[in-house]
Amino acid sequence: MTVRFDPIQEAKQKAALEAVKHVKDGFIVGLGSGSTAAFAIVALGERVKTEKLHVMGIPTSYQAFLLAVNCGIPITTLDEHPEIDVTIDGADQITPELNLIKGMGAAMAREKIVAAASKLNVIIGDEKKKVRLLGENNQVVPIEVLPFAISLTRKKIVAVGGKPILREGKGKLGPVITDNGNAILDSYFGEIANPAQLAIEVKMIPGVVETGFFIGLTDIAYIATVNAINKIEKVSLSRL
Ligand code: 5RP
């Protein structure tokens, strides 16, 4: 059943329903974080109930964990299952080459680990997530940093061309603390012509735990409007 939301929510749900079709009986599933990934967790929970599907989920955040438990999806860990069959996650920006910015939900460190452990990575989003170049529309790149190193990493991010701002919490005074106990420096780089190079430069900064750059990790993206779903697939070397 499709619940009627505002058009953006409806598009997110459409993309999520399409992505969840990749899950088969017996699969280990990486559970992404954020409002779009939440639709996928709910849809997977529905399949677990109605089709008696046997799957186990590996959540990428406390948000995903709580929702998965509520939806009746059995949980496992990366230690028990270091190989994941499919991960479904959202993104903040998606390019035609399937490079991403993630982390506006501050979960990108675990999301990237889970993505790296997955045989298939499926990204879902509404049309607003589609961009030509990462960093368009004043989008920042979230960078997770050790609290001990905030001042140093801030200086080093400026040195590679970024404008970092410490992310503040909502509903609590002070900075956002990630599920890993770290801080987030939302860093503006403008439009990014070479995200693969910049991702390496930022990751090399001592104190940086993870960046929101997801380069070359995505296999399929479903980008939806209310009326249509656009599927983008990674161009594999065998097809070049
Ligand atoms: C969390 C993420 C999210 O997937 C990303 O921020 C998109 O969130 P939403 O689906 O709510 O727009 O990377 O770290």
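Two residues are in contact here when their heavy atoms lie within 4.5 Å. Keep that in mind while you look at this structure, which is a predicted model.

With that cut-off, Ala38, Ile41 and Val42 on the H2 side meet Gln63, Ala64, Leu67 and Ala68 on the H3 side. Sort the residues of this contact by class and you get six nonpolar, one polar and no charged residues.

How do the two helices lie relative to each other? H2 covers residues 35-51 and H3 covers residues 62-70, and their axes come within 9 Å and cross at roughly 25°. Angles under 35 degrees count as roughly parallel, so H2 and H3 are roughly parallel to each other. Their crossing is right-handed.

## Helices H1 and H2

Now turn to H1, which runs over residues 7-20. The axes of H1 and H2 come within 8 Å, with a crossing angle of roughly 50°. That angle makes H1 oblique to H2. The crossing of H1 past H2 is right-handed.

Which residues meet in this pair? From H1 come Gln9, Lys12, Gln13, Ala16, Leu17 and Val20, and from H2 come Ser35, Thr36, Phe39, Ala40, Ala43, Leu44 and Arg47. By class, this contact has seven nonpolar, four polar and two charged residues.

## Around the ligand

Time to look at the ligand. How many residues surround it? There are 17, and the closest are Ser35, Thr36, Asp92, Lys102 and Lys129.

In serine 35, an N or O atom of the side chain is 2.5 Å from a ligand oxygen. With serine 33, a backbone N or O atom lies 2.9 Å from an oxygen atom of the ligand. For glycine 90, a polar backbone atom is 3.4 Å from a ligand oxygen.

Terms used:
Residues numbered from 1 in each chain as written. Predicted model: local features only at pLDDT ≥ 70, side-chain atom pairs only at ≥ 80, totals over all residues. Heavy atoms only, no water. Axes fitted to C-alpha atoms, helices over the stretch in contact; angles between N-to-C directions. Helix = DSSP H or I, 4+ residues; strand = E, 2+ residues; numbered from the N terminus. Parallel < 35°, antiparallel > 145°, perpendicular 65-115°, else oblique. Left-handed = near helix turned anticlockwise from the far one by under 90°. Nonpolar A, V, L, I, M, F, W, Y, C, P; charged D, E, K, R; others polar. Near = heavy atom within 4 Å. Polar contact = N/O pair within 3.5 Å; in protein donor to acceptor, adjacent residues only side chain to side chain.
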